[in-house]
Amino acid sequence: QVHLVESGGGLVQPGGSLRLSCATSGSIFSIYVMGWYRQAPGKQRELVATSTRGNSANYADSVKGRFTISRDADKNAVYLQMSNLKPEDTAVYYCHVVGEIIPGHQFSDWGQGTQVTVSS
């Protein structure tokens, strides 16, 4: 079983920065995609950014130019550097990973979420 643990959330003023981290534990054979999603109160969970095994990144239009996703292949970890934060970025941020525990046995797991609040 794979476990994901996010960290790095908190309260920040508009224009500020935060760096989220997602650590994985458990036996992982390979990872296809690592990503970040967020869910604001009363809204559906939405994609923020994803990173494929080939290091191809994809971003929501609302965060392009402000957020950067990166991954550490040796640690099976993924990060989200968030800059120029806006109040509308306030949400619970979730890490999501898709991969294989062993060849042919795929997993798709979510972390427990970390709160990001952007407010003055």
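**View 1. Eleven strands, no helix: the protein chain has 11 strands and zero helices.** Helices would be DSSP runs of H or I with at least four residues, strands are E runs of at least two, and both are numbered from the N terminus. Going along the sequence, the pattern reads β-β-β-β-β-β-β-β-β-β-β. The radius of gyration, taken over C-alpha atoms, is 14 Å, close to the 14 Å the globule rule gives for 120 residues, so the chain is as compact as a globular protein of that length; that rule is 2.2 Å times the number of residues to the power 0.38. This is a predicted model, with local features needing pLDDT of at least 70, side-chain atom pairs counting only at pLDDT 80 or more, and totals for chains, interfaces and linings using all residues. Residues are numbered from 1 along each chain as its sequence is written, and side-chain values use heavy atoms, leaving out hydrogens and water.

**View 2. Inside the chain: buried residues make up 42% of the 120.** Buried here means under 20% relative accessible area (1.4 Å probe, protein chains only). Of the contacts (heavy atoms within 4.5 Å) between residues at least 6 apart in sequence, 54% join residues at least 24 apart.

**View 3. Around Lys 64: this residue is found in the loop between β6 (57-59) and β7 (67-72).** The Lys 64 side chain makes a polar contact with the side chain of Asp 61 at 3.1 Å; the term covers N or O pairs within 3.5 Å, where one atom must be able to donate a hydrogen and the other to accept it, and residues adjacent in sequence count only if both atoms are side-chain atoms. Ala 49 is 15 residues from Lys 64 along the chain, and their C-alpha atoms are separated by 9.1 Å.

Notes:
Buried < 20%, exposed > 50% of the residue type's maximum accessible area, 1.4 Å probe, protein only.
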